[in-house]
Every structure is written in structure tokens, then in C-alpha cells.
Amino acid sequence: MGRKSNNWLLIAPMYIFTLLFVAGPLIYMLVLSFLQKADVWGVEFVFTLKNYLKIGKQVYLNTFWESIKLAFATTALTLLIGYPFGYFMAKLPEKRKTLFMLLIVIPFWTNALMRMYGWIILFRSNGLIEQGLMALGLIDDSLKMLYNYKAVLAGMVYALLPFMILSVYSSAEKMDWTLVEAAKDLGAKSWQAFVTITLKLTLPGILSGVILVFIPSMGLFFIADILGGGKIMLVGNLIQNQLMSTRDWPFAAALAVILMLFTTLFIWGYKKITHSDELEGLL
Amino acid sequence: MKKRVLALMLAFMLAIPMLSSCGSKQEELNIYTWEDYVPDSVVEAFEKETGIKVNYTNFQTNEEMLSVLSNAKGGDYDIILASDYIINIAIQEGLVGKLDKSQIPNFENIDPLYQGFFYDEANEYTVPYAPGIPLLVYDPAKVDVEITGYESLWDPSLEDSVALMDTERVVMGMALKILGKSFNTENLEDIQAAGDLLMKLAPNVRVLSNDQTQDYLLSGDVSAAFLFTSQVVLALQGNPNLEVVYPKEGLGFGCDAMFVPVNAPNASNAHKFLNYILQGEVGAEISTQVWYLCANKAAYEYLPADFQDSLIISADSVPEGEFIQNIGTAATELHNEIYTEFKANLD
Amino acid sequence: MKRYELKNSQPPAVRKRKSKEKLRLSDWYLYLLLAIMYLPILIVILYSFNASKTSVIWGGFTLDWYGELFHDRSLLESLKNSVILALLSSSVAGIVGTLGAVGMARVQFRSKGMLEYLVLVPIMIPEIILGMVFMAFFSLLGLPFGMTTLVLGHSAFCVPYVYMQVKARLVGIDKSYAEAARDLGARERQVFFDITLPLIAPAILSGMLLSFAMSLDDVVISIFVAGARVSTLPVKIYTQLKTGVTPEINALCTLMLIVTVVLVLISQRLQRKKM
């Protein structure tokens, strides 16, 4: 009997903390999304569905659609680039594996803004790359590489790639390679073995990588701001804009609620497919 | 091995109380504004003269400041430096305290040109800090057309080479002015017409940014830009060959000002500070470092000659400029919708 | 156990040559991608030694920016705040998250799935929303803004990191250790401190280190809940990035990078001991 109450005592701090400082604010957000914006500043405590209806307007649906498209493109590219990396990494000898882990984690832990800034120094008009090309006589006018959709996409892929690599790596590392050997011994070609066995066994890693990349890419407003020259409007930017310039908190809250529902749906789908609770390689 | 790990964890936790030592009960002044907006040298000189410790904390947008201030019920901060339209709201919300002018003898140094604005018609709450007029700046080496006003930015030859401020009311304001309307019109048809006009500007816009917009001009990323006063001065410092244009359709005007929140914990120190910066010499030092117009009459004689032209403008231009003020919900929402659509059309 | 399997699964000797060649191609891929990842970081480090103030032109080598860095009082003050904040919130997360994960592994209850979901929510939703609701909610509770609210806000997104790490580690622990100890008459508290805690300690620490790094990097939440007297380093960096990057900031980021590398090294050593 005593054991059971002990266990509850262990959970209590997290339970209370989570209810108070996670569930509390979230409920507040939900309530806010049904309230009305006051004329000049703040909110009026009047129930309304207006905020949700507003999301149905063409302009805002469009913003969601654009964000989803960009998120899909980002996810596809990170998968394409990150999968081989994670896969090859898992095949490295033990010692080099640790070294590579280290090398992946360091940029991941470094201030993201700073890394973006490094890219700007390189790619902007009259930046290092253009100066180099001009010196070589290859170009004579600016290439205008920054401040467009491609730059934002590249920045997103760059920022989120480690998530994909680590996810794929952690499931490839756990993989039983003898199965691949067995398949080959039974006459399967390398690519056949890869498709039927490796890909299947690393699927949880792929899916978890997809989620870990897809979700943040809908909200990373600062990359769109810095590399897109403020021209790309994502859901994250729209929320930011509502808070910081239109002063429409309830609409921002409604947008966030929808975004959260979307996120939750994605994770739920992942759990259904993989029958797993964990996201591979999140840490 | 395990013990060492545990010891490390323990050390980790023990390190905390040692680091978080508390300060003594010293006279303080909490200033809240944008980063780098009050020169360090001024803050330090004030600290030296009065022995008051200044806490200089920053917000990034006016709206952020107002959220924080209204959460603090007009307390926590002693001096806030923000923009005209948000001060207007703050005063309406009862978050701003009236100034005690007997504590600010230098109040009379303020140039009356910069007083009596819409947010503080009776000059009871604010001290103007940085008035300015946003202007067009372009690089004549790269622009083939003659730029005379906002309309010129629509010229097809400027494709993908214009920088604008990322502020919906300012961007929309250009279109409204071209149509001969006020920035603050609440007529939805006029706003929609301006929106339709704005969409045609999309192919020319390369960057939308509120910060360091002049850098895009200097680096050659864009060849024409619509800039705040301080950015205009910085752009000219970086490249004296740039041309500045007072848009023919009509000028905008804005003023950042200081106020004391209604429940400021150190209100008397706040008044000391206001009186301090209104001295002529200090005022000149501020103006030459923040590059806005100088609102301090007593400072004019201390301004370096090369600044005088750009920092003191003729009394005629100021009344000409129009403030961007708060407008009703329907108009605000339409502005927001148009701006969102505008951004979707970019690139 | 694991390592043994892995060795066994190496391809047979006959195919060795072929796979070696393949490995070489894959090596190229790995190194190329790593080089790209590090390029912008190296640029930032390089420019922290740039004598010219504008970032495009190289004006010769200098250490001046590092010197200026150490004379900037408000920058150092915010550095101190950031370190304290990161220590406090990673500690809170360390305690709350560890106890939670241990407890959750032992009991089943109806709201368990919900609780777990809620624990993870803070790292799943846009930070700006989190920052905004934290600010509104804290003022609803009447908490004074400052270090307390910062620690609470940061802890909320640090707990998930520790929780996940410890949870994953607990799955790998053989339950029979604890059972054996109990059979030998150990009390529940003894079992926890003598058996479970040492086994999960590396996971706790690496979770805490990750929390530490995340807290040290956070801008958005800090902006909303910091209050008048406390400013943190990332907020300073962010606002300065917006008002124009000075080489001083490059220098600061270089120093921060060193701190990061040290943290990563420590955490990596801990991870390895897990095996």
C-alpha cells in the first residue's frame, strides 16, 4: 500500500507543475480565442466565434496553405538530405560514431540566429560569395540570392536538418543488420534489401524526423523574417503580427489553437502508425 | 564512476545560491525602451552625477511594451520611451502619470514645435525625445527614373529593388497618400482602393524590414527605400551620394516621447532624469547619437555644424506632416487583411 | 549485449572490399554536409576578429572586440542573469522531470496519457504563443515579473527534455535490480537512492544539460516574462542583431560557442557511459 502512495508523491510535483504552468496557460489561451478584441487595446469578455470564422477567410486560409506547402517542402528536403546522413552515420565504426554525434549536436546547440547571420554574410549582395565571383569575373551584377522563397526554404532545411539526422540515426543504429545480410544471402539485390528491410526498419525514425521537422517549420517566424526579407508570411508570422501590430490577441489565440490542433493530429497519426509513444531521437 | 556523476549533479545545484546574490537598497531608475535608444554615455553620466543606478531594459515593439506595462498595472518602470500612437493608448488606459513640472525646470527648453500633439495636447504627460519624418532615399547610380514621391516606387524599372518598413499602416499610408486620402481614414472603400493599388507594388518590393533598413540600400541589395529619419541620416553617412526625397504626395510624421508610468516606483528619480536630459548639452549629445530631429531648443547651439542642417528642420515642415493614429476595429482589420494578402503576393 | 550483436552483423569478409569503396563515397557525403553545417559558424568566428566594423570588408586581425565585450557592464550583467536562470531552471526540470518519469513508469492511471501529452506541449507549440500566454497567466496569478517568472517559464520547456531522457533510460533498466533489492529488505527510499537514481543519473544530467543549453538560448519566452530589472543575454543578442550586428556580438557568440562545446562534450561522455 505504502508503495503506491510513494509513487504518487513522485508524480505530484510534475502533475501540479504541469497543471499549473502548462494546462493553465493553455486553457487561458483557449478562453481567449473565444473572446472579443476591445476597440483600442485589450480584450472584452464577450463570447464570440468571430475569431474562428475569420480564419476561414481566403487570405488567412491562404497563409495556412502557404505554411503547409513550405513545411512539406522543408520536410521532403531534410528527409532527402538527412536520411543518407543518418544511415551512413549508423554504419560508421563505434569511435567515429561518437565523434559525429558530437559534430552534429554542436551546431544544433548553437544560437540559431547567429548561424543565420553567418549565412547572410556569405550570401548577401556584395557578400563574400558575390565578391569572390566578381573577382573571378564570373558575374558582374548582384545575383540577389537572399530575401526570397528559396532562401527561406534553404534556411529552414539548414536549421531543422539535425532533427532528421538524429531521428534516422537513432533508429538505424538500433537496426538488426543481420536481417539485411540474410536477405542478401537469400538472393536479394542490395536495393531490394534496402527497400524491403532497411527502409521498413528505419520507418519509425523517418516518421519521427518528419514530425520533428514539420511542426516547427510552421512556426519558425524568425527565419522567414531574416532570410525572406519579411516577405514570406507563415502562420507563425501571422500570429506574431496579430500580437505585435494589430493587437488582436483573441485572433492570435484562435490561430494558435488551430495550429496546436494540427500539431496534435500529426503526432496522433504518428502514434497510430508506429504504435509507439516515443519520438525517436528527439534528444 | 556513479558517485562522481552524483557529485557533479550536487555541485551543479549548490552553485546556484552562490551566483544569485542580491543587491543592496540603492536608489534606482528603471528605463524601458528599445535597445541602444538612450546613449550609454548619457546614462552613465547621469549615474555619476546623481548616484542613481539605472536599469536599462528593452522591448522590441511598442505593442510588447504596452502589454508588459498594462500587466504591471502601470508600475515596475519609471521612464518609458515609446511611439506617439501607443502613448495615446497608454494615456487612455490610465497607465501614464501626469508630470510634475515643478521638478523639471528644464521643461521650458522643449521646442513648442514638438508639443501639443494629438497624444498629449495639453503637454501634461510627455517629453518629446525623437521626432522624425520618414523619407524616400535612393541611389541615383542605380535608378533611371526621377523619384519625386511614393508613386515613383511603382515604376516598373524598380522591379525587385525597393525596401520598405515592415509596418502595415506605413506601407498602406503610401498608397493612401497617392490617392489623396488621410493615413487615418476609416472609410473602408478608400482603404480597399489603396489596397488594390498596393498589390501592384508587389513586384518591386525586395525587402520589408523595420530594422537597419538603410543597410540594404548601402549593401546594394536595393536601390530605393522608404526610411525613418535616423535611417536616412545613417544612409547618408554611409554613402553621401544617395538622394533624399520629400514625397510630393504628403509627409508622414512621428514622435517618440518619454513618459512616467502612473505607478512608477521611483517617480522622483524619473523626473530628475527628464530634467537631466533636457539640458542643452545633454540634449545635443543625444541628438547626435540617435539621429532624429532635435526637440530641445537649448541644445541647438551645441549641435555640431554638420548636424545642424539635418537635425533642425524648418518650422514649416512639421505641421505639414500627418501622424498615423489609431483607427476603428473594422478599418484595422481591413488593413491587416490587405497587408497579409500583400505579403502573399510578394515573391 | 548490443555491441556483440553489432559486431556480428558486419558483412562477411568476402564483401569487404566492395563495402569499403562504398564507405568512401558515403564518407565524402558525411564530410561535405558537416562542412556546410559549420560554414556559417566559422564565418561568425572569423568576423569576431575583424578589425573593420562593417561586416563585409575584412580589415585585418584584432582582439579589440573581446576587450570591449568585457567592459560592457550591461552585457556582463545579462550574461550573469542568463547563467543563473539556466542553472535554476535546469535544476527545477531535473528534479520535477526525474521524479515524474520515475513515478510515471510505476503507476497506471486514467489521465496518464493526457498528462504526458501536456508535459510535452511546451516544446511543440510556437514559442511566441507560449510567451504570450505565460505573460498573461502570470499576471493573472499576480506573480511579480523577474527571475521567478523567468524560471517558471523556462522550467516549463525544460521539464520535457529531462522527462523524455529519463523515461527512455528507465525503459532500458532491468527491473529485477530493484526487485532484488526489495526482496533483500531494502526500503522504497533506499531502492530509489541506491539503485534507481545512480542508474538513471547520466540520463538526468544529459537532460539537464540540454535544458541548460535551451534555456541559455531562449529569446521569445524571456522577452515576455522578464520584467523591468532582469535582462538575459539572448535577448540582448537578438535586439542587437536587429539594431545592427557589431563585431562585439560576434565575439560574444564565439565565447558562447566554446561554452556550448564544453557542455556537449560533458553530455557526450555521460551518454557513452550509458552503454
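Among contacts in chain A between residues at least 6 apart in sequence, 71% join residues at least 24 apart; two residues are in contact if their C-beta atoms, placed from the backbone, lie within 7 Å. In chain C, 80% of the contacts between residues at least 6 apart in sequence join residues at least 24 apart. This is a predicted model, in which local features need pLDDT of at least 70 and side-chain atom pairs count only at pLDDT 80 or more, while totals for chains, interfaces and linings use all residues. Residues are numbered from 1 along each chain as its sequence is written, and chains are lettered from A and ligands numbered from 1 in the order in which they are written.

**Chains A and C**

- Chain A has 13 helices and two strands; helices (H or I, at least four residues) and strands (E, at least two) are DSSP runs, numbered from the N terminus.
- Taken along the principal axes, the box filled by the C-alpha atoms of chain A is roughly 80 × 70 × 30 Å.
- Chain A has 283 residues, of which 49% count as buried. A residue is buried if 20 or more other C-beta atoms lie within 10 Å of its own, exposed if 12 or fewer, and partly exposed in between, with C-beta atoms placed from the backbone.
- Chain C has twelve helices and zero strands, and 46% of its 275 residues count as buried.

**Helices α3 and α10 of chain A**

- The axes of α3(A) (residues 58-90) and α10(A) (residues 203-219) come within 9 Å and cross at roughly 140°. Axes are lines fitted to C-alpha atoms, for helices over the stretch in contact, and angles run from 0 to 180 degrees between N-to-C directions.
- α3(A) and α10(A) are therefore oblique to each other; angles under 35 degrees count as roughly parallel, over 145 as roughly antiparallel, 65 to 115 as roughly perpendicular and the rest as oblique.
- The crossing of α3(A) and α10(A) is right-handed. A crossing is left-handed if the near helix is turned anticlockwise from the far one by less than a right angle, and right-handed if clockwise.
- Residues of α3(A) in this contact include S67(A), L70(A) and A71(A), and those of α10(A) include I206(A), G209(A) and V210(A).
- By class, the contact of α3(A) with α10(A) has nine nonpolar, seven polar and no charged residues. Ala, Val, Leu, Ile, Met, Phe, Trp, Tyr, Cys and Pro count as nonpolar, Asp, Glu, Lys and Arg as charged, and the others, Gly among them, as polar.

**Where chain A touches chain C**

- The contact involves 60 residues of chain A and 65 residues of chain C.
- Elements that give two or more residues to the chain A side include α1 (2-32), α3, α10 and α13 (249-274).
- α1(A) provides the largest share of that side, 18 residues.
- On the side of chain A that touches chain C there are 40 nonpolar, 15 polar and five charged residues.

**Where chain B touches chain A**

- In this contact, 31 residues of chain B meet 28 residues of chain A.
- α3 (62-71), α4 (84-92), β7 (205-208) and α13 (329-345) of chain B each supply at least two residues of the chain B side.
- The largest share of the chain B side, eight residues, is from α13(B).
- The chain B side divides into seven nonpolar, twelve polar and twelve charged residues.
- S219(B), found in helix α7 (residues 213-219) of chain B, touches R124(A), S125(A) and N126(A), not counting residues up to four places away in sequence.
- S219(B) counts as partly exposed because 19 C-beta neighbours lie inside 10 Å.

**Helix packing in chain B**

- α3(B) and α4(B) pack at an angle of about 15°, with their axes 10 Å apart.
- α3(B) and α4(B) are therefore roughly parallel to each other.
- N62(B), M65(B), L66(B) and L69(B) of α3(B) make the contact with I86(B), I89(B) and A90(B) of α4(B).
- In the contact of α3(B) with α4(B), six residues are nonpolar, one is polar and none is charged.

**Nonpolar core**

- The largest nonpolar core has 257 residues, and those with the most contacts inside it are A256(A), I79(B), I80(B), A225(B) and V159(C). Such a core is a set of buried Ala, Val, Leu, Ile, Met, Phe, Trp, Tyr and Cys residues joined through C-beta atoms within 7 Å.
- Helix α7 (residues 149-173) of chain A gives the most to this core, 15 residues.
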